[in-house]
Amino acid sequence: MTDLAKRIADLSPEQRALLTQRLREKRDGVRPAAIAPREDRETWPLSFAQQRLWFLQQWDPESAAYTIPAAIRLVGSLDAAAVRAALADIVRRHGVLRMRLGTVRGEPVQTVVPEQDLALPVVDLRDRPPAERRAEAERLAQEEARRPFDLKQGPPVRATLLALAEDEHVVLFTLHHIVADGWSVGVLLREFAAGYAAALTGQPSPLPPLPLQYADYAAWQRAWLAGEEGERQLGYWRERLAGVPPVLELPADRARPAVMSYAGAHESFVVPAELVRGMRALGEAEGATPFMTWLAAFQALLARYAGRDDVVVGTPVANRSRSEIEGLIGLFVNTLVLRTDLADAAGFRDAIGRARETAVGAFAHPDLPFEMLVDELAPGRDLSHPPLFQVMFDYQGAPLGGLSLPGVRAEVLETETATAKVDLLLMLVDEGGDRLRGVWEYNTDLFDRDRMARLTQLFLTLVRGLVAEPERPLGEVPWLPTDERRRVVEEWNRTAAPPSPHRTMAEAFAAQAARTPDAPAIAAGAGTLTYGELERRANQLAHALRKKGVGPGTLVGLRVDRSVELAVGVVGIWKAGGAYVPIDPAYPAERQRFVLEDSQASVLVTLERLEGEGIEVDALCLDRDRPSLEAETATPLPVTAGPDDPAYVIYTSGSTGRPKGVAIRHRSALNLADALAREIYAPLEAQGAPLRVSLNAPLAFDASVQQLTALLRGHTLQVVPHEVRLDARGLLAWVRERQVDVLDCVPSQLSQLVAAGLFDGPAPAALIPGGEAIDDALWGVLAAAPATESYNVYGPTECTVDATLARVKAWPAAPTIGRPLANVRAYVVDRFGGPSPIGVPGELHLGGAGVGIGYVGRPELTAEVFVPDPFGDDAAARLYRTGDVVRWRSDGALEFLGRADAQVKLRGFRIELGEIEAGLTAHPGVGEAVVALREDTPGDTRLVGYLVPAEDWATPNVTELRQHLLATLPEYMVPSMFVTLADLPRMPNGKVDRRA
Ligand code: AMP
Ligand code: MG
């Protein structure tokens, strides 16, 4: 780098802005209009920045967010009279400190009162125990910093003198931001020092008179920006910020309140010297200032943290580039918006280049007041977040040097103001040499302290990586500190437990039947089968199936009602070595046929008594064929299937319009059985077996598999009758009558049960809600239920029903899906494939014993979501990408946040909206269609179809549409409402925007 380039690179952003401005003036041959000297007028306009503060003050007059505290500790013998004189002189010099706010015809104006005595109350702390004085001074400083101003009555400045000892004092200055900024504090302290020294010796003020007053600047700014200059600068920003997403939403600990408060806190850290040096060297090589280099690193951090490449931060500029205003106290500081798009950045060097370009452009357009930009680009403010940017970056040169007063040693104290102006501010303070200090100022509505501590470590780890590998794509640079990575990848996945002693579900059931042949295994209506009877009938069925060629890996359709025969079918198919494929007889015939054809099930186990037409496979009816089945031998078939053969195939909604069959191994089902036994059944069995376990979910949903595992423990399945399932009161009565100990249900059903009085009488000992998110209200009820343990189970069909579990009472504060089950591993993965930090959302990937075989007959779809496992050592191992967005809480529990795609849950039913859309567009009258889940009134969620009719379909007929869909889709997938539109809302890329 040339010497000149280096010198330019070393300039602060301010100095560079000044340089750019001077160069521009030279190029254009104009100096902007000089600021007019003082006129005699009674009222003055507010500057733009003042006007915004006036607005905020009106909005929230009690807020202390806009006070600027400055505290100095003075050690030595202090002359209070000289302090007073120095202060009086400052107030005399700076009219702005005597300003009062008023309005003229609704417009705010400032007047400047000619004289104003600034009181200097003295608080004597000398009679307190010495040990308490500092703390009390700190407390008073904070209290003072939080005390609001009355700007109409004035004054906008206060001072207090705290006497801690004969030779120790603290002066507290407090200014309203409407009359000052950070730079002003420097002016104030310098003038205070000079005035104090003069007053001590009785000299007049040594300070030269001020050329201008702040009010002159305010009047000048308004006039200047009303002209061409305002338009020119606005043009730049309008273009630069076009299409910027409205909010940079960072992962937070709490949801954003409807109206943001300015409650804040600070957290500081030190940047290790080798990183300071590394960054400096990189910046120099790229022709970037430390400001730009650190801006690039901070934006890289935000891109990772917020999961978004287009990163916008604000930065304050002192805006004192004209020499005539350098010495004024007043609000000059402006805020510039720094927008950088880091998409596809080749590496950190590239990011630095982009940040440099951002900064150079911004500092060349520094004058347009931020508030004008807000009016222009973000009118109609949303008060839940700061406008235009929510995150700020500030890189400061060395702080104020020591203040020197005759006979006293002075130091500036920091006061915790407990406020934050934006969501998050990173302030880097260059303390000279290789010393760089960082301070986070964060909004405590959103963030907790421990998140900030972790953010520090993420930032420093990231910077270390950026410096070490400046060419590496940003998303690949490691940013998790070693211990955090170990925690989320390894520690919270230490779930290893011994595998099941059995090879198949059939074998495990046979062992149980041998232990408790006389215990009831399943009860449905008036029918009951003991373990012995079920074993016998299942063996007979197995023999019959074997004659039809069923062996290991054979898929067998199972189309039964909610009678004891369902267990005969399931266990019998297992015993023949096959895997059952449940087919819900309530589904449209076309869908039933689809499942049989798609799975290529060659045999169907069913009941003659069920309606059903034209299902052309070799069917074995458990009722009609009972006589021939009874003629089969009841001795078990030799076991031929192994743990890796499929146990069942369950169909679930497919986004492209075709349902897909998920195949699950015996090994996985056995692992689920063991895990649930350990977590849920074992504690209850101590009180005496068998337990009465509900079978609520239909066989076509895998929650039923979870309940079927009770058959491996000697418990009794109580089949919930179909009509009872649909009505909360009926279900509650049934649960009581059957004395159900363990009840499975989806949360929406459970909420209704609770409303119907579940906990007003004897309730089941255990509830197993799962399948969809539980809301806060239900969670609270479950956590407080005295005699019932509730277990929130989470899992996709592809990973064997349940992958994680939370005992509600173990995490009573807020809903969680808990931790991975035994032999299951959970990874929260960011968009670059690496582990997400604690508290940062990512897509849940599941590994271990539960991971399914894949989708039957769909190798490509399978490969898309059953992906190689980058976290383990087994090259053949697969992780299932759930599409669920979750995050780790710092206590090691997983929090479910929602979906990353268009899959939804409606009363526990898993629905791909794309499947319904495909069904709709298959109708000749429909041109295009979008389906959405809408919750117009809380608790009433339903599917709504939006469609653009085809040209030759003048009057879309809702009844006809419903009939059309009902021919292929189950009832729960058919929208209850249709809206016709002229066109569908689209995103900039032309795709349909579902959210709109
Ligand atoms: P399914 O395959 O029908 O069990 O649906 C699996 C999906 O349901 C998951 O991917 C989640 O989106 C959702 N889900 C299941 N259990 C829960 C739960 N306990 N909390 C929140 N969402 C859940
Ligand atoms: Mg599930």
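A residue is called buried when its relative accessible area is under 20%, exposed when it is over 50%, and partly exposed in between, using a 1.4 Å probe and protein chains only. The structure is a predicted model, in which local features need pLDDT of at least 70 and side-chain atom pairs count only at pLDDT 80 or more, while totals for chains, interfaces and linings use all residues. Residues are numbered from 1 along each chain as its sequence is written, chains are lettered from A and ligands numbered from 1 in the order in which they are written, and side-chain values use heavy atoms, with hydrogens and water left out.

The overall picture comes next. Along the principal axes, the C-alpha atoms of the protein fill a box of roughly 120 × 75 × 60 Å. Helices (H or I, at least four residues) and strands (E, at least two) are taken as DSSP runs and numbered from the N terminus; the protein has 28 helices and 41 strands. A contact is defined as heavy atoms within 4.5 Å. Among contacts with a separation of 6 or more, 71% join residues 24 or more positions apart.

Phe48 gives a local example of such contacts. This residue belongs to helix H3 (residues 48-59) and counts as buried because its relative accessibility is 15%. Once neighbours within four places in sequence are set aside, Phe48 touches Gln221, Arg222, Leu225, Pro369, Glu371 and Met372. Val467, by contrast, lies 419 residues along the chain from Phe48, and the two C-alpha atoms are separated by 41 Å.

Aromatic rings were examined next. Rings of Phe, Tyr and Trp (its six-membered ring) form a pair if their centres lie within 6.5 Å; planes under 30 degrees apart count as stacked, over 60 as edge-to-face and the rest as tilted. The count by this rule is 31 aromatic pairs. In one of them, Tyr214 and Tyr217, the ring centres are 5.5 Å apart and the planes meet at 50 degrees, so the pair is tilted. Both residues lie in helix H7 (residues 214-226), three residues apart, which is about one turn of the helix. Tyr214 is buried because its relative accessible area is 1%, and Tyr217 is buried because its own value is 6%. Tyr217 also pairs with Trp220: their ring centres are 6.0 Å apart and their planes are at 35 degrees, so this pair is tilted. Tyr217 and Trp220 are again three residues apart in helix H7, about one turn of the helix. Trp220 counts as buried because its relative accessibility is 10%. Elsewhere, Phe269, Phe291, Trp294, Phe298, Phe363, Phe393, Trp440 and Phe459 make up one aromatic cluster.

Rings can also have a charge over them, a label given if NZ of Lys or CZ of Arg is within 6 Å of the ring centre and within 35 degrees of the ring normal. The charged end of Arg158 is placed over the ring of Phe149, 4.0 Å from its centre. Arg591 likewise lies over the face of Tyr587, at 6.0 Å from the ring centre.

Two packed helices are described by the angle between their axes and the distance between the axes. Here, axes are lines fitted to C-alpha atoms, for helices over the stretch in contact, and angles run from 0 to 180 degrees between N-to-C directions. Helix H8 (residues 228-240) packs with helix H11 (residues 348-363) at an angle of about 155 degrees, with the axes 11 Å apart. H8 is therefore roughly antiparallel to H11, in a scheme where angles under 35 degrees count as roughly parallel, over 145 as roughly antiparallel, 65 to 115 as roughly perpendicular and the rest as oblique. Tyr236, Trp237 and Arg240 in H8 meet Glu357, Thr358, Gly361 and Ala362 in H11.

Most residues other than glycine have a negative phi, and most peptide bonds are trans. Gly154 and Pro155 are joined by a cis peptide bond with an omega of about -15 degrees, and Pro155 is located in the loop between helix H5 (130-146) and strand S6 (157-165). Arg105, although not a glycine, has a positive phi of about 50 degrees. The loop between strand S3 (99-104) and strand S4 (107-112) holds Arg105, which counts as exposed because its relative accessibility is 80%.
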